[in-house]
Amino acid sequence: MSVQAVYMDHAATTGVHPEVLQAMLPYLGPEYGNPSSSHRLGQVARQAVQEARERVAGVLNCQPSEVVFTSCGTESINLAIKGIVKAAGGRGHIITTAIEHHAVLHTVEQLEREGYESTVLPVSSEGLLDPQDVRRAIRPDTRLISVMYANNEIGTVQPVAEVARIGQEAGIPVHSDCVQAAGSLALDVDALGVTSLALSGHKFYAPKGVGVLYLKAGTPVQVQQQGGGQEGGLRSGTENVPYIVGLSVALERAHARREEYNEHCSRLRDKIFERLVTQLPDVRINGHLTQRLANNAHVSFRGVEAQAILMGLDMKNIYASSGSACVSASLEPSHVLKAIGVPQEYIYGSLRLTVGEATTEKQVEYALEHLPPIVRRLQALSPLATT
Ligand code: PLP
């Protein structure tokens with residue numbers, strides 16, 4: 001079977017969709033005004049940003065004034081976590097989970113260096129948080145609870161609405177990193193009950209380098225970037241008009257296609273799981289089987305290194321990921337895989353295959369034709385692969 005390239009790394013990033021690019025082009029070309037300028041060119045840009053804000057607010061079911069455009073998911077997360085805890089004054093306590101993205105974990109670690117304390121909650125072996133653990137971790141000085149909606153490695157979906165209810169009862173703001181959730185899960189902030197949530201354009205067919213922070217009206221927040229007072233004073237810096245427009249169109253588009261997308265992706269993901277389980281005796285599926293993103297298949301193979309599998313796949317023009325920064329047994333394995341207790345002999349052979357809206361059945365067949373022989377070949381050479 002000849003297939004040009006099979007991109008199975010949509011959790012890392014997605015390509016810009018042609019409709020999104022089309023919507024951006026005027027603002028990369030003739031409509032280059034600065035939204036802060038009072039002349040016609042500036043007004044056109046300001047109007048474009050305002051319409052983008054309304055589009056995003058429509059998807060999130062919030063007020064346009066509650067939408068803050070940023071440069072990426074990481075910036076949104078930093079602004080929410082640092083901004084909310086610092087606005088509370090003094091020092092205090094933060095609750096989060098062991099499987100958060102480093103954008104959350106490293107931000108919390110930085111706050112610890114500044115004198116804050118944290119509770120990093122464990123998850124089950126299936127990668128799920130027990131909301132009651134959140135309730136038990138609350139202290140009188142807890143300033144913030146930060147729980148991701150969907151995990152970027154194993155794709156598990158966390159009970160964010162339940163956590164938010166617990167936070168509300170205790171009067172504690174709840175932030176959610178929804179970067180991986182957009183396009184697959186509903187992001188209605190009323191239904192979720194969160195105080196803030198973060199999104200990143202490049203995970204749903206908008207460009208890299210643009211993000212959103214939803215911040216509930218009236219939430220005290222310490223501004224992290226001073227300057228010209230854009231974004232209601234919350235995020236100074238001239239607005240990235242074309243990218244903001246692109247993000248808004250991509251989010252609206254992804255939201256409208258959610259059902260179709262989930263059906264398409266879950267069919268391909270389940271095919272990957274079924275085929276690997278039947279063809280390879282030692283495969284381990286990571287993360288809950290159903291409480292997971294439709295497009296995420298995360299597996300571990302006994303006694304092999306993910307990097308070797310990835311190189312074998314790359315030679316066949318199949319692009320996947322180990323789902324972590326770990327590239328060799330000499331380096332630390334992923335904090336997420338450690339948190340769910342993946343056994344030592346499997347942890348280094350972990351592979352994340354994430355499909356997308358343009359992934360075809362034929363591409364998945366091609367990948368499934370090549371992956372098992374690559375794993376078998378490596379296992380034949382590995383002393384760790386046998387029991
Ligand atoms: N949070 C999660 C769950 C992610 O997957 C990512 C990116 O991979 C981020 C945060 C960071 O987003 P960005 O790349 O826009 O900074």
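A: The answer below goes through the ligand shell and then a strand and its partners. The model is a predicted one.

The ligand is surrounded by 13 residues, and the closest are Gly 73, Thr 74, Asp 177, Ser 200 and Lys 203. By class, this shell is made of seven polar, four nonpolar and two charged residues. Helix α3, which covers residues 73–87, gives the most to the shell, with three residues.

In one, an N or O atom in the side chain of Ser 200 is 2.6 Å from a ligand oxygen. In another, a backbone N or O atom of Gly 73 lies 2.8 Å from an oxygen atom of the ligand. His 202 has a polar side-chain atom 3.1 Å from a ligand oxygen. On its own the ligand has 390 Å² of accessible area, and the protein covers 86% of that.

Asp 177, one of the closest residues, brings in strand β6, which spans residues 174–177. β6 pairs with β5 in the parallel sense over two bridges, with His 175 of β6 opposite Ser 146. Between these strands the chain passes through helix α6 (residues 160–170), and the β-α-β crossover is right-handed.

Strand β5 (residues 142–146) is mostly covered, with four of its five residues buried. β5 also pairs with strand β3 (residues 93–97), again in the parallel sense, over four bridges. In that pairing, Ile 145 of β5 stands opposite Ile 95.

Conventions: Residues numbered from 1 in each chain as written. Predicted model: local features only at pLDDT ≥ 70, side-chain atom pairs only at ≥ 80, totals over all residues. Heavy atoms only, no water. Buried < 20%, exposed > 50% of the residue type's maximum accessible area, 1.4 Å probe, protein only. Pairing = 2+ DSSP bridges. Right-handed = clockwise from strand over helix to strand, strands pointing away. Near = heavy atom within 4 Å. Polar contact = N/O pair within 3.5 Å; in protein donor to acceptor, adjacent residues only side chain to side chain. Areas by Shrake-Rupley, 256 points an atom, 1.4 Å probe, with all protein chains shown as cover. Nonpolar A, V, L, I, M, F, W, Y, C, P; charged D, E, K, R; others polar.
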